[in-house]
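This briefing covers the ligand surroundings and the helix packing of one structure. The entry is shown first, and the notes follow by topic.

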Amino acid sequence: MFLTFEGIDGSGKSTQARLLAENLRRAGRDVILTREPGGSPGAEEIRSLVLEGDPDRWSAETEILLFTAARRDHLERTIEPALAAGKIVICDRFADSTRMYQGLSRGDLRKVVDQLHDLMIGRDPDLTLLIDMDPEIGLSRAKGRQGTEERFEDFGLDLQRKMRAGFLSLADDYRDRFRVVDGNRDMDSVARDVTDIVMQSLR
Ligand code: ADP
Ligand code: TYD
């Protein structure tokens, strides 16, 4: 099973991905936890290229290519081998993030994102958990983190709002694989819902 977490910056995806991996391992499942951009040595190198340095370093189109290149490497070297070995793959962000951030943040490039996805990736997750979150809270949580990576949270509240609405509409477009979880609660309550949803689809 290929499972992804999506949502705005600071919504709690990484926390929930980690808690889910722990819960599934405790239940005896073989799990790998990975993330995007990154998740393979080559893709982690591309991560630094897209998330550090001058935000205007890449054109909108080049940025789509870089995120997609990272994803292709991650898919070939990490995700597909793990799925072939019968493992559950939990990935913190995947193609839906490109549909939203590269597709909507610098003009309407959604069509290009989808075309490149069909050409070079051609696969979507079996299940996607959208952690839905109040944009202001998400932003303040994301800003509270230390580090040199910032990128989209730098664009502020308007973009966070646009991304939240975009993710909810995407969940509606891909109803078969999306589940929306209310992230505006303590982490254990959110984790309980997430684990229940995943356990049900594993049955
Ligand atoms: P994301 O991966 O979506 O950016 P994180 O899981 O890194 O989000 O969480 C962002 C910050 O918010 C972290 O400091 C984390 O400890 C905290 N956090 C995560 N979930 C919750 C929650 N349900 N309630 C309060 N704080 C949370
Ligand atoms: P991530 O490390 O998940 O950040 P956060 O924990 O703040 O949610 O992702 C880093 C940034 O990369 C985030 O701002 C969203 C962006 N991103 C894209 O723009 N396109 C993509 O395809 C992916 C996977 C991430």
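**Ligand sites and helix packing**

A polar side-chain atom of K13 is placed 2.8 Å from an oxygen atom of ligand 2. The model is predicted. K13 is also listed among the residues that come nearest to ligand 1.

**Ligand 2**

- Ligand 2 has 16 residues around it, and the nearest are R47, R93, T98, Q102 and R145.
- R47 has a polar side-chain atom 2.8 Å from an oxygen atom of ligand 2.
- For D9, an N or O atom of the side chain is 2.8 Å from an oxygen atom of ligand 2.
- On its own, ligand 2 has 550 Å² of accessible area, and the protein covers 94% of that.
- Helices α2, α3 and α4 are the elements that each give two or more residues to the shell around ligand 2.
- Of these, α4 provides the largest share, with four residues.
- The shell around ligand 2 divides by class into eight charged, five nonpolar and three polar residues.

**Ligand 1**

- Around ligand 1 there are 13 residues, of which G10, K13, S14, T15 and R185 come nearest.
- S14 places a polar side-chain atom 2.5 Å from an oxygen atom of ligand 1.
- R141 has a polar side-chain atom 3.1 Å from a nitrogen atom of ligand 1.
- With R185 the contact is through the backbone: a polar backbone atom lies 2.7 Å from a nitrogen atom of ligand 1.
- Ligand 1 taken alone exposes 560 Å², of which the protein buries 74%.
- Helix α1, residues 13–26, gives the most to the shell around ligand 1, namely three residues.
- The classes in the shell around ligand 1 are six charged, five polar and two nonpolar residues.

**Helix packing**

- Helix α2 (residues 41–51) packs with helix α3 (residues 60–84) at about 160°, and their axes are 8 Å apart.
- That angle makes α2 roughly antiparallel to α3, since angles over 145 degrees are counted that way.
- The crossing of α2 and α3 is left-handed.
- Helix α4 (residues 95–104) and helix α7 (residues 157–173) have axes that come within 10 Å and cross at roughly 135°.
- α4 and α7 are therefore oblique to each other.
- The crossing of α4 and α7 is right-handed.

Key
Residues numbered from 1 in each chain as written. Chains lettered and ligands numbered in written order. Predicted model: local features only at pLDDT ≥ 70, side-chain atom pairs only at ≥ 80, totals over all residues. Heavy atoms only, no water. Near = heavy atom within 4 Å. Polar contact = N/O pair within 3.5 Å; in protein donor to acceptor, adjacent residues only side chain to side chain. Areas by Shrake-Rupley, 256 points an atom, 1.4 Å probe, with all protein chains shown as cover. Nonpolar A, V, L, I, M, F, W, Y, C, P; charged D, E, K, R; others polar. Axes fitted to C-alpha atoms, helices over the stretch in contact; angles between N-to-C directions. Parallel < 35°, antiparallel > 145°, perpendicular 65-115°, else oblique. Left-handed = near helix turned anticlockwise from the far one by under 90°.
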